[in-house]
Amino acid sequence: MKFGIIVFPGSNCDDDCRHVLADVLGHEAFFIWHKSTDLNGANCLILPGGFSYGDYLRSGAMAAQSPVMKSVKKFEKEGGLIFGICNGFQILQEARLLPGALIRNSTLKFICRDVFVRVEQTQSPFTMACRNGQVMRIPIAHMDGNFYMEKKSLMKITDENQVLFRYCDPDGNLGKEFNPNGSMEFVAGVTNENGNVCGMMPHPERCSESILGNRDGMKIFESIISWWESKERKT
Amino acid sequence: MKQDIKVTPQIVEDHGLTPDEYKMIVEAIGREPNITELGIFSVMWSEHCSYKSSRVYLKEFPTEGPRVLQGPGENAGIIDIGDGLAVAFKMESHNHPSFIEPYQGAATGVGGILRDIFTMGARPIANLNSLRFGSLKAPRMPYLVKGVVAGIGGYGNTMGIPTVGGEVFFDECYNGNILVNAFTLGIMDASRIYRGKASGVGNPVIYVGSKTGRDGIHGATMASDEFDETSEERRPTVQVGDPFTEKLLLEACLELMATDAIVGIQDMGAAGLTCSTFEMASRAGSGMEVDLDKVPLRAGEMTPYEIMLSESQERMLLVAHQGREQDVMKIFEKWDLECAVIGKVTDDGMVRITHGGKKVVELSVAPVVHNAPVYERPMKEPAWQREIQSLDINSIPVPNDLNEVLFRLMTSPNLTRKSWVWEQYDYMVMTNTVVVPGSDAAVIRIKDHIPSITGEAHAGGQKATKKGIALTSDCNSRYCYLDPWTGAALAVAEAARNLSCVGATPLGITDCLNFGNPEKPEIMWQFVRAVEGMAEACRQFQTPVVSGNVSFYNETKGNAIYPTPVVAMIGLLDDVEKRCTPWWKDDKDVIIFLGRNEAEIGGSEYLSLLHQKIAGHPPQLDFKRERAVQKVCRTGISRGLIKSAHDVSEGGLAVALAECSILRPEGLLGSTIELTDDIRPDVLLFGESASRIIISVAPDNVDLMLTIAREEGAASKIIGRVGGRMLAVNNILCIDLADLHAQWATALQKMLGER
């Protein structure tokens, strides 16, 4: 499988993603500079974490206007897989490829620590290798991870099964105490209506290797690869 | 400062130069300097840039060793770690700016040290910081704490470089002078070291990075002066950082350094363009011609004085090979950064600067860089030194409830959990952190492929290296106040001990020497004694000093800080998989104590917190004993025998034992301890004797472990077992660990007035 990792000025987690996809999982992973419009035949696009444009104006606002985003939108219309992590999630929202907004953490501080998330549905290419309700320990590291959406719209995407992950306790229970940043309905990750685009605030690329003491995030990458390979087999 | 301002004695004084120093300048250049030239001398001869009060004594430090590729004198020190790789590291202070403007002061401290590392050709992979604040009850102190931590996080996180450890200490002596010492370690190809040298006559001198503005003018001279009532007015001297631009600068520079287009490069830090031009010319024995009209400016019209002295951040000066200018431009255009040829290298040992077609500076390099006065300032042991060292243990009553003492200690600012601090830092970015903040030292693994550093050679093939790097920062300034020589030696010993506890062999140090006003004989005495103690310890532990920083004038209205010589030490693990952490692992593991408990309590947290005394002698340091105990620990870890290792330091044995329980991420695991030393119970539990490490091993490995200790000549004995939910020591301590954990985990937030 070919992963295209988009690098914006200020992206930081680009090589972390490449490392998991290429060095750990053995797939092809290359970088796509934000000024380029050529996606080099990528099967899945990754928008990595970081501080694109220094988070100036709003996190992801300026990156969403980069030349590469034209090609990303076209890729999405053709049903291509797109995965946004942290800043990547913010950029996809600003580009209107994902619903909702991500605002300042309720604690008003940057938070770096492990949290637990619960898998809400497993029909998605991003979670099909998970069990329904599976709890994964994945780290967060952000200042603006507070998911916000107008109430009715949030209900709609919930009904449409677009909520993929919610913050929870180690046993999968939801509650204010287990919500690190105040996100509405404890939403940690969502997909778009068609299910081909996913964004999540926690960093699965930081827990996909045994040396790091946690391989929970691997399930998400394995899901993407499984979905792709089964699609390829059908064609 | 317009170019045509006449230099008067008042102006000389305002620039922080003494009349004698001005005379030296006039003699050196054979005439009176113009205002811009005066400005240049004032920053280059400032304490911060010239080290005039400390240079003579810093020669004491051992700076060489088989692994040292670069010692002091460049922007960072470099140590070879094998497998074709080397690490560049240094620590720097940003004390004065942080007291005035905590967020930007701390942020630009991080920015500055990062540039010092990547200018050598290394990719920064880990940050540490050593912070000292006053009492949390002092005015402004919670504001300063929050600002500094936010600033460090704001800058480091945006740069995508993990902040993996450090220290935070609180003491009233820092009420008027907080300390912010920032450290960075970078990894590089050992055969591609870049230096700040302007060599090759005719080679273009190129300015890259941010535009130049008026910020931070005289930051260097501000750092070389005490604070008083007028300190608030110095706010404009604090630089403002832009970590996004520095991230672009980092990537652009590393991309450039992976080619062969450039000859030398240096960042513009303290004293900005002045420092980089003169120092680069000095190192190459060359000269430079610079046209200030070519310098990209942010603030419209700026005078030559302003341009030369500006400390605008995120700028580098480089010298390229003739004909390679376009190669350089292309890279900086890609990253949307300024890039301008502003001059060329000459061979006459002069720096000639023009502005508006007129010559504004014409100075010989040598007097500016090399002939700053070297002071051997008078020193005198303080009159009160012997007095504070006297301590009659019998005058200290033994507390009735030692359990309560432990609770009080572990919920006090210096010993309570610091996650409030480090959870504001991204400590995981770059996915290399294998021992995260909270342990004795941080440990970083090294990936095969490091962008712009290692080529495709290692991608998907033979593993480049199995090694890991451990890092720690240490200093107990109370010990240094009571006895600067021993206190400084103990800082080195403790750093080495912390590294040994994670399984790393100490390799070398950088330092940040924070002291009061060196024009006072008592302060100078503290400084010299500390340097001597540190130097001896570095020889004893074979950890050369490869870089460092001196920060003087940490005094307000005559009150100096305690002598605070901070050590940041790095160590090497041959196999990063063999690292160790401090918490108990399994029920029924046997706890072995390495070292000896002595009856000493001088300078301890216990004495200070419970008895309001800072007195006595700091713990004695026996180098042989310390080395033996550390060697046993490292050997046991590398042979897979030791399951947990934790050193005893502030708070003493009881605190260390409690930490072994409550640091455990999977949940508390208690211990039952039996001590047979004939020492008063409070002294036994809370004394801070050196050279002690607590390890735990599986029952089957006890005999082998004790044999290893015996062979290395280290005292060792079994003191207990892991298990249960309590910490029980003889019949003198019985702690409900869940209770302790709950209080320890939240004390700092509460003291800062947060949830």
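In this predicted model, 25 residues of chain B are in contact with 24 residues of chain A, where contact means that the C-beta atoms of two residues, placed from the backbone, lie within 7 Å. On the chain B side, α8 and α10 each supply at least two of the residues that touch chain A. The largest share of that side, four residues, comes from α10(B). Sorted by class, the side of chain B that touches chain A has eleven nonpolar, seven polar and seven charged residues. In this sorting, Ala, Val, Leu, Ile, Met, Phe, Trp, Tyr, Cys and Pro count as nonpolar, Asp, Glu, Lys and Arg as charged, and the others, Gly among them, as polar.

The model is predicted, with local features needing pLDDT of at least 70 and side-chain atom pairs counting only at pLDDT 80 or more, while totals for chains, interfaces and linings use all residues. Residues are numbered from 1 along each chain as its sequence is written, and chains are lettered from A and ligands numbered from 1 in the order in which they are written.

How confident is the prediction? The model scores ipTM 0.97 and pTM 0.96. Chain B averages a pLDDT of 95, and 96% of its residues score at least 70; pLDDT is the predictor's confidence in each residue, from 0 to 100. Over residues 457-461 of chain B, though, the pLDDT is below 50, and this stretch has five contacts in the model beyond near neighbours in sequence. Where pLDDT is low, the predicted coordinates should not be read in detail.

Next come the chains themselves. Chain B has 26 helices and 28 strands, with helices (H or I, at least four residues) and strands (E, at least two) taken as DSSP runs and numbered from the N terminus. A compact globule of 755 residues would have a radius of gyration near 27 Å, and the 26 Å of chain B agrees with that. This radius is taken over C-alpha atoms, and the globule rule is 2.2 Å times the number of residues to the power 0.38. Chain A has five helices and eleven strands. Its radius of gyration is 16 Å, close to the 18 Å that the rule gives for 235 residues, so chain A is as compact as a globular protein of that length. Of the residues of chain A, 54% count as buried.

Back to α8(B) and α10(B), which also pack against each other. Helix α8 (residues 141-159) and helix α10 (residues 243-257) of chain B lie at an angle of about 35°, with their axes 8 Å apart. Axes are lines fitted to C-alpha atoms, for helices over the stretch in contact, and angles run from 0 to 180 degrees between N-to-C directions. Among the residues that meet are B:Gly154 and B:Tyr155 in α8(B) and B:Pro243 and B:Phe244 in α10(B). By class, this contact has five nonpolar, two polar and two charged residues.

A second pair is α19 (residues 484-502) and α20 (residues 521-541) of chain B, packed at an angle of about 35° with axes 7 Å apart. Their contact has 13 nonpolar, four polar and three charged residues.

Methods
Buried ≥ 20, exposed ≤ 12 C-beta atoms within 10 Å, placed from the backbone.
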